[in-house]
Amino acid sequence: VLVVGGGGREHAIAAKLRDSVHVRHVYCAPGNGGTEVEPDMTNVSINDSDVQGLVHFAIEKKVALVFVGPEAALCAGLADACAVSGIPCFGPSKEAAKLEASKAFSKDFFARHGLPTAAFKTFTRTGYSAACEYIKAEYSNAKEVVVKASGLAAGKGVLVPESVEEALHAVKAIMLEDAFGNAGDEVVIEELLRGEECSCMAFSDGKVASMMLPAQDHKRVNDHDQGPNTGGMGAYAPAPCLTPRLKREVEAILQKTVEAMATDGRKYVGVLYGG
């Protein structure tokens, strides 16, 4: 098995796959210091965004399965390249990965298919002034917003302002100051929903969504849930805030999402990240 990625997430995935009676050896590209010392596991010096290099290695080693961790590799078309070469790959195609790669795409998708989502409006860089006016109007109507860089920003592209001034500064940082590079070419300004956050991921074969245990991660950089978002600094599961009733609702939404993606010709195979 070839596990693509170099984070703690990929270390955990690689270890569980290695423990399977069906797996003889796990390669990690590029892996990390932890995977380097694991038995029956070998790090490979191939960047997780080097699609052709990864496919070539998988063919050379007669890999039976490629398991992709990072979103960037999927957005670069790794699953598509594996399919062309006849290599089984657990991860969505480039078109399906847009659900994760673009918040603007995902919000439009939710709205189009009647999936529950917070009220929002999307702006491009040329619409900076319009974005500022929209924020001012929202706060004048006693509403709060979240400012999101639409593209991939390693889990750091969501800014949660505490005031209209902070919201305007967030838009300026993303749209004018390139705080998140190309990830900020589009910005989603979204209604702030207050409450306890829970991550609900699901395995998907393109037809059925099978939800995992609900989890909560330690997202903010400072104590007491303060400071900017990080890519996550540890997590625990199951999260007790997801009651049985809410769990049924989430499962229905995840299943409808998989079905809607298939309807749109973007069959989703891999881990579906439900927030």
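The following legends describe several close-up views of a predicted model.

Residues are numbered from 1 along each chain as its sequence is written, and side-chain values rest on heavy atoms, with hydrogens and water left out. Because the model is predicted, local features need pLDDT of at least 70 and side-chain atom pairs count only at pLDDT 80 or more, whereas totals for chains, interfaces and linings use all residues.

**View 1. Division of the protein into domains.** The protein is divided into domain 1 (2-91), domain 2 (119-191) and domain 3 (196-274); these bounds come from an automatic or database domain assignment. The centres of domain 1 and domain 2, taken over C-alpha atoms, are separated by 35 Å. An unreviewed UniProt entry carries the annotation "domain: ATP-grasp" for residues 107-197. UniProt positions are given in the numbering used here, feature names are shortened, and annotations may be inferred rather than shown by experiment. Over residues 107-197 the chain is 34% helix and 20% strand, and the end C-alpha atoms of this stretch are 18 Å apart. Helices (H or I, at least four residues) and strands (E, at least two) are DSSP runs, numbered from the N terminus.

**View 2. The open sheet of five parallel strands.** The strands of this sheet follow the order S3-S2-S1-S4-S5, with parallel pairing; two strands pair if DSSP finds at least two bridges between them. Strand S3 (41-43) and strand S5 (89-90) stand at the edges, each with a single partner strand, so one side of each is left without a neighbour in the sheet. Strand S1 (residues 2-5) and strand S2 (residues 26-30) run parallel and are joined by four bridges. Gly5 has Pro30 in S2 as its bridge partner. Helix H1 (residues 8-18) packs on the sheet, touching S1, S2, S3 and strand S4 (66-68), where contact means heavy atoms within 4.5 Å. The direction of H1 makes about 175° with that of S1. Axes are lines fitted to C-alpha atoms, for helices over the stretch in contact, and angles run from 0 to 180 degrees between N-to-C directions. Helix H3 (residues 51-60) also packs on the sheet, touching S1, S2 and S4, and its direction makes about 165° with that of S1.

**View 3. The open sheet of four antiparallel strands.** Here the order is S6-S9-S7-S8, and the pairing is antiparallel. S6 and strand S8 (158-159) stand at the edges with a single partner strand each, so one side of each is left without a neighbour in the sheet. Five bridges join S6 to S9, and Lys121 has Ile189 in S9 as its bridge partner. Helix H8 (residues 128-140) packs on the sheet, touching S6, S7 and S9; the direction of H8 makes about 155° with that of S6. H7 lies across S6, strand S7 (145-149), S8 and S9, running at about 50° to S9.

**View 4. Surroundings of helix H7.** In helix H7 (residues 103-112), Ala104, Phe105, Ser106, Lys107 and Phe109 are buried. Buried means under 20% relative accessible area, exposed over 50%, and partly exposed in between (1.4 Å probe, protein chains only). The buried residues of H7 pack against helix H6 (98-101), strand S6 (120-124), strand S9 (186-191) and helix H10 (244-263). After H7 comes Gly114, with a positive phi near 70°.

**View 5. The hairpin of S13 and S14.** Strand S13 (residues 220-222) and strand S14 (residues 226-229) run antiparallel and are joined by two bridges. Asn222 stands opposite Gln226 in S14. The hairpin has three residues between its strands, and His224 takes a positive phi near 60°.

**View 6. Salt bridges.** The structure holds 14 salt bridges, each a side-chain nitrogen of Lys or Arg within 4 Å of a carboxyl oxygen of Asp or Glu. The side chains of Arg18 and Asp19 meet in one of them (2.8 Å, N to O), and Arg18, Asp19 and Glu38 are linked in a network of salt bridges. Arg18 counts as buried, at 16% relative accessibility. Lys98 and Glu95 form a salt bridge through their side chains (3.4 Å, N to O); Lys98 is partly exposed, with a relative accessible area of 32%, and Glu95 is partly exposed at 36% relative accessibility. In the salt bridge of Lys247 with Glu251, the closest N and O atoms are 2.7 Å apart. Both residues lie in helix H10, four residues apart, about one turn of the helix.
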